[in-house]
Amino acid sequence: MLAKEGPAMESCSLCQGLGVVFSPRVSVAEAAVCECARHCTICRDTGYLFERDAQGREQAQKCQCERRRVCVRLYNEAKVPGKYYDALLSSRYQDRNNQDAFHTFKMLAKEFHPGHKGIVLMGPAGVGKTWLIAAFIRELIFTHGTPMLFRDFFHLLSDLKSGYSRDIPESDLIDPLVGVEVLVIDELGKGRNTPWEQNILDVIISQRYNARKTTIFTTNYTVDRKKTLIEKHRPRELAEGDSFKEVKDTLVDRVGTRIYSRLKEMCDFIPIAGPDRRGEDLAPRSI
């Protein structure tokens, strides 16, 4: 994480010494440089420090304050959902239900390098998957300055459909998803599961695989039919006495064998369990 710079930052109650504050802004979380870090006494607000190498040549290095500004920009560009603005990989949010997944993301944030293997985080709705991902995004950006992008799978598909309908070139729509160093796709498998949706997913995953980019997924579907999401589908014409049909799709059912095979190459599969944390006082508020 970014280092603390002087007593003003160390004693700041707003940012707890990070020099950055986080807040919800409509649909996305927003980071900003804290007032305690507005002015840098190290570089005198130039953003750079000048040092001489062994040959006596003067070289410019980014000051800590400039690296902070870069991380703030990267965090805002990642588009973390606003409700998770305070998600943090702190041990006080770890419990027996999420400890394996928590430890995995903590270590990934610490040891990350370009091309690192991704993760498929699987578990029921409400157990804290998206919260954990949001906390990981914050940790990775402010540790390594890694460009990231968060996209909900259903909204991603909607945006692509909208772009195609407006005749936006496919490269303009797909390239940002392929090029970013770490892409997070939340709610993998959500949607109507049409051939078009599977084809779009195949394009994104295959191109990221070939480019050796890290991809993180969350999904309510698992590889075990006994533990996967149970959905109730209503028949098109519900006659008297008819009931809703229970469907237990696995992840491979939702994404297809080709995509699933690629996921196994690209990612480690991490399960997460526990009670539904939404609306209940079962864990810290942020989860």
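1. Aromatic pairs. Seven aromatic pairs turn up in a search of the whole structure. Rings of Phe, Tyr and Trp (its six-membered ring) pair if their centres lie within 6.5 Å; planes under 30 degrees apart count as stacked, over 60 as edge-to-face and the rest as tilted. This is a predicted model, in which local features need pLDDT of at least 70, side-chain atom pairs count only at pLDDT 80 or more, and totals for chains, interfaces and linings use all residues. Residues are numbered from 1 along each chain as its sequence is written, and side-chain values use heavy atoms, with hydrogens and water left out.

2. Phe22 and Tyr75. The ring centres of Phe22 and Tyr75 are 5.1 Å apart and the planes stand at 75°, so this pair is edge-to-face. It links distant parts of the chain, 53 residues apart: Phe22 is in strand β1 (residues 20-25) and Tyr75 in helix α2 (residues 64-78). Helices (H or I, at least four residues) and strands (E, at least two) are DSSP runs, numbered from the N terminus. Phe22 is buried at 14% relative accessible area, and Tyr75 is buried at 1%. Buried means under 20% relative accessible area, exposed over 50%, partly exposed in between (1.4 Å probe, protein chains only).

3. Tyr93 and Trp131. This aromatic pair is also edge-to-face, with 5.2 Å centre to centre and 75° between the planes. Tyr93 lies in the loop between α2 and α3 (99-111) and Trp131 in helix α4 (residues 129-144), so the pair ties together parts 38 residues apart in sequence. Tyr93 is buried at 10% relative accessibility, as is Trp131 at 2%.

4. Cluster. Phe22, Tyr75 and Phe142 are linked into a cluster by ring pairs.
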